[in-house]
Amino acid sequence: MDPDKLMSFVFRAVDEVGATLNTALVVMGDKLGLYQALADGGPLTPADLAARTGIAERYAREWLSAQAAGGFADYDPDSRRYSLSAEQAVALTDRSSPAYLPGLFQIALGSVLDSPRITEAARTGAGIGWHDHVPDVHEGCERFFRLGYNAHLVAEWLPALDGVVAKLQTGAAVADAGCGHGASTLLMAEAFPASTFAGSDYHDGSIATARQRAASAGVGDRTHFEVAPAASFPGHDYDLVTMFDCLHDMGDPVGAARHVRQALAPDGTWMIVEPSVGDQVEDNLNPVGRAYYAFSTLLCTPCSLSQEVGLALGAQAGEARIHEVAASGGFSRFRRVAQTPFNTVYEARP
Ligand SMILES: C[S@@+](CC[C@H](N)C(=O)[O-])C[C@H]1O[C@@H](n2cnc3c(N)ncnc32)[C@H](O)[C@@H]1O
């Protein structure tokens, strides 16, 4: 046993505990408008921040010090003021930036809040459904994944599919299964006004939110949302069926693939968006892989285990496994068409 290595591991772990606690502080800062106040009016003293946001000064001081200690804000000892750098301000307050982080922290916090139940479920192998989580999981998921869809879906992912954009422009029928709050459905509906979009998800709460989002976005006329599992969503002759970051959450992804196959028009396309990962564990031992394995332990795997079949692909199933699922569902053609650090996009054709 090397005592120096032990101490360096202990200090790394202390940093880790600080990071875990900061997950709650980031969500706190987001919900109370603390980062926004710093971005708008910094540098600020704790009293300034308290006055601008209406929170108690004593909490402002402690929260600000934690942010400065963790590199989430800067501190100037001469003026005793705290500020955000331009980069921190973008990542913590700019909702239009692909680097906007609060949604990722929100889903992480929700996952941690629900972890006692996951710990119990692990003893027996029982599952916990997506519907059974605190709302921070659902909202954080929407807020985080939407960033990638905003940046890539219309500009890169749909054009990478064979012949799909031309169909969408002239008027296609699209089903978005496992759509959650409908972020992907709405983006497509806004970009392709001649097409119609049928979103579905097994979670009724998510579908209720998706309907509200569609009405607020003014695309209620060409979107329709139904509560339905992916293995039986309604409709047929779809030109495009999409699944965004949800195939691996399903209990029976092969059953879902079979259903997509028979719901598609003969020359239709199934677009599968999944986390970006390598096929082997050793390919994923990096920061993104680490976050995904943790989310998979707390959210994705229990969700799949809570459903019939309970295949539990895990968030990092990898291309070979997703290909197998599509082939078992009756798809003869399969290829990877796009990739970002967080998502890989596959095209499956009959
Ligand atoms: C990680 S979320 C992704 C949601 C959405 N597609 C997005 O990208 O924001 C996974 C979604 O899969 C849904 N889901 C899980 N199992 C399902 C099933 N068997 N059928 C339909 N939806 C399912 C969950 O309710 C949840 O909305």
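1. The largest share of the lining of the second largest pocket, seven residues, is supplied by α8. Helices (H or I, at least four residues) and strands (E, at least two) are DSSP runs, numbered from the N terminus.

2. This is a predicted model, in which local features need pLDDT of at least 70 and side-chain atom pairs count only at pLDDT 80 or more, while totals for chains, interfaces and linings use all residues. Residues are numbered from 1 along each chain as its sequence is written, and side-chain values use heavy atoms, with hydrogens and water left out.

3. The second largest pocket has a volume of about 740 Å³. A pocket is an open set of points on a 1 Å grid over the protein atoms alone, where a 1.4 Å probe fits, with protein on both sides within 12 Å along at least five of seven lines; lining residues have an atom within 4 Å of a point. Grid points are joined across faces, edges and corners, and a volume is the space filled by probe spheres set on the points.

4. Of the 44 residues lining the second largest pocket, Gly178, Asp201, Asp245, Cys246 and Asp249 are the closest to its centre. Two or more lining residues come from each of α6, α8 (135-160), β3 (173-177), α10 (183-191) and α13.

5. The largest pocket holds about 1,200 Å³ of space. Its lining has 32 residues, of which Ala19, Thr20, Thr23, Phe105 and Arg290 are the closest to the centre.

6. In the lining of the largest pocket, α1 provides the largest share, eleven residues. At least two residues each come from α1 (3-31), α4 (57-69), α6 (102-113) and α13 (287-305).
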